[in-house]
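Thanks for coming. I will go through salt bridges and surface patches in one model, then stop for comments.

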Amino acid sequence: MRASGYPTVETPEFLLAALEQASEAVVIVDSDLRVSHFNAAAGLIWGVRREEVLGLDASCLGLNDLRQDSEITIRRSTGSRIRAAVSVSRVEIDGRSNYMVFVRDITAEVERRERIALLNLVADKTNRAVVLTDRKLRIIYTNAAFSGLFGYSPEEIQGRQANQLLAGRLTDRHTLARLRRRICDGGGEEEEILAYDKNGDEIWVSAMVKPFRNARGRIKYIFALLTDISENKQLRSLQQLIMGALADELPLTEIADRLCRRVEAIAPDVVASVLHVDSDGLVHPLGGPSLPDDYSRALDGVAIGPDVGSCGSAAYYGKPVLAEDLDTDPRWQPYKTRPLEVGMKACWSTPIKAKDGRVIGTFAFYFRERRAPSRWHQRIVDACVHLGALAIERKEARAQIARLAYHDMLTGLPNRAQLRQLVNQAIDDCRGKQLALLFLDLDHFKDVNDTLGHSAGDALLVEFAKRLRARIQPSDLLGRLSGDEFVIVLPNCDPARASLVASNITEALASPLWIDNRQVPISASMGISIYPDNATDIDTLIQQADAAMYKAKQAGRSTHRFFSADMNRLAEQRLVFSAALRQAIANDRLKLVYQPQTRTVDGALYGVEALARWNDPELGEVPPSKFIPLAEEVGLIEQIGLWSIREACRQMAAWRHAGLDVPCVAVNLSPLNFQNAKLAAVVAETIAANGLPPQALMLEITEGVLVNERSAAIDSMNAIRKLGVGLSLDDFGTGYSSLSRLAHLPIRELKIDRSFMRNIERDASALAIATAVVRVGQSLKMAVVAEGVETEGQRKLLAGLGCDVVQGYLIAPAMSPEAFERWLLDHVTEQMRAMRRSIEEPRSQPTPSLLIASTGG
């Protein structure tokens, strides 16, 4: 018998006996691939008796491929499975191929191998670098994260000394020695170490190192877990340091100093510097503790430019500038001497930019060797320019806050706080001489804001301030208190000169402004108080001048008045009335009265106008001529307008429920109401809540609303007209509406102002205006209502002109709802009597209904 790879044995019986005693499973397969021998060890592996498999095909044992060694899974008779290593030897017997199969249970070995593969997989998936060395620090294993962090492949570092591979020139040797001691002691504490990658770039890592010992306690392997803390910890600690300094409101120079010192600690090969670039393009050192003081002082005030070292050039171009050799770089020639003397050979500067893109500083690294920045340097700078921007912008914001705290943002004039200081100083400097304080308030400024918009109002205030400044001396003080209120202080000024200055200002304001291609008139009312004649402190002087200013407004505006003792009483009265009016609105103490409007043709009721009245428990009856302007001044007029709509609609619903057919109620609104984008929604909600048709409500507006056809007021008007609610143009002819604009507005009714009625019977001009208004209304198919009709002659004249509706004392005064109801019944009764007298037809014709009404136009 010849066996390939085995010695020749003369007695096969001896060989079979030897195989039977073998501890390894042996299966012999004949040339027909049938099992011819199956030793006891094989029976244990497969869990079957020999008799059960002899003569069977070898595939029943899972031996499907006998051409080569392999690993197979054996399913045992008990149902369990094991992994086995199969080694095959081909044996030739009498020219026929037989196979000797050696089978070994490797289940435990496979499991161990799989665990190792799994551990390798886990190690490669972690983002922390893993290093395994022998006791002499020769590298045995590294994971993928190690290659990614340091740039070495596993083949490049196999067997190399880990300490020599990763440590560099600036790695702290004391830290390495402390780490070695901890390894020997078995400790697992972490250490922060400056390491170097394959390219020589610095990387700060946190190293946790543990030894593995053999059974005798000797170190066999050393395991190290390395974490890149360059950004996560070192830069974060840098950020925390600066953010803490900002929170503590430390001076900018101290923050910059701390920033530079911390940077130099985590990047020992650099010298850091921070410069501030002001609005004039001049640099100012903020931090650079390792630079010579005389060098830093020499930089202060240097202008940035294209060839001004690294920092000046970086600030000029707005991008980083590197000079790898200060000695030869042309941008450094005028500045290189002192840096070279102290060993600085290269400089890399990066601009610090504000959120709006302005260059507000530079952050620079000086190197002691000719070189470019590393990746670690770049990461530091990326963090530092952000921190530097925060610190510098905070300084600028503080300066801006300080400026805003003492100056008006719109006009640049001193504000109330600054004025107090300046006026107090001017009073201290008077030394017994007089001082005049002028309190100025723009006339009709609110109308400009409401009609042309706030941007136009701002433009008006700026121009107003310019005209004031042009009319006073450089030594005089000008400031803005708030809104449209300004103060002028004239040191060493008697009443005569104060009056002359006020008159000059009035003259300077006489010419109108052009705003958004519109001519806008401008004037101011001024009040004057004199130090020390009227008062000796700033608060009293301002109060007195304010009171005198209101006196000037009462005198017709665009003039000035000096303070007198009785003005204090008027000012106090105004405060009392303002507070009482707020209470009246809050407690529903205002009332509406109603004045009838009748047709000129037949006297039929056209509608009523709702007019607000105020009867205060303590102040008594306050006329509208007093409380309506007051409401406008103190910001209550919009509330009164909305309340009037709700109350008028409520009353209309009550009348209709009682069977009184009042066709329409007109409510006066302020221009401010029409600036409210929600006005149409409020109107729709109100008429719906009261069950009224939209035609039952008419809203009256003044011509001032129409000045700016692009204003929100026009949008509100269109929205209201779409609801079906009428719009009436009140006091038509007194403002500055153009007919072309009027034709495109959703107006349903024109009202002739009562001022034209007084002289309409004897003044040709008044008659001409009334005639023109009627003609405009007729041409635009609008109803025309004449207010203030007091005589029958006026009514007849208006009827002859074709005026549709009259309103005034000739018809009836404004009345309470109850009085109006009585008037209405009387009026209808009288109408019916008149109709009976004039009717010549038979009495069988139908009797008119209780009220003859029309919605009018």
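Before the first residue, a convention: helices (H or I, at least four residues) and strands (E, at least two) are DSSP runs, numbered from the N terminus. This is a predicted model, in which local features need pLDDT of at least 70 and side-chain atom pairs count only at pLDDT 80 or more, while totals for chains, interfaces and linings use all residues. Residues are numbered from 1 along each chain as its sequence is written, and side-chain values use heavy atoms, with hydrogens and water left out.

Ile140 sits in strand 8, residues 139-142. Buried means under 20% relative accessible area, exposed over 50%, and partly exposed in between, with a 1.4 Å probe and protein chains only. Ile140 has a relative accessible area of 33%, so it is partly exposed. Together with Phe212 and Tyr221, Ile140 forms a nonpolar surface patch of about 250 Å² accessible area. Areas are from the Shrake-Rupley method with a 1.4 Å probe, and for residues only the protein chains shown count as cover. Patch members have over 30% relative accessible area and no salt bridge; like charges are joined within 9 Å, and nonpolar side chains (Val, Leu, Ile, Met, Phe, Trp, Tyr) within 5 Å.

There is also a positive patch on the surface, made of Arg135, Lys136, Arg216 and Arg218. Lys and Arg count as positive, Asp and Glu as negative, and His and the chain ends are not counted. A charge is placed at NZ of Lys, CZ of Arg, CG of Asp or CD of Glu. Arg216 is in the loop between strand 10 (202-213) and strand 11 (219-228), and is exposed because its relative accessible area is 71%.

Now salt bridges: a side-chain nitrogen of Lys or Arg within 4 Å of a carboxyl oxygen of Asp or Glu. How many are there by this rule? The count comes to 36.

Arg338 takes part in a salt bridge with Asp294, at 3.0 Å from N to O. Arg338 lies in helix 12 (residues 337-341) and Asp294 in helix 10 (residues 293-299), so this pair ties together parts 44 residues apart in sequence. Arg338 also has a salt bridge to Glu341, at 3.1 Å; these two are both in helix 12, 3 residues apart, about one turn of the helix. Arg338 is partly exposed, at 28%, whereas Glu341 is exposed, at 54%.

Elsewhere, Glu609, Glu700, Lys751 and Glu787 are linked in a salt-bridge network. Comments, please.
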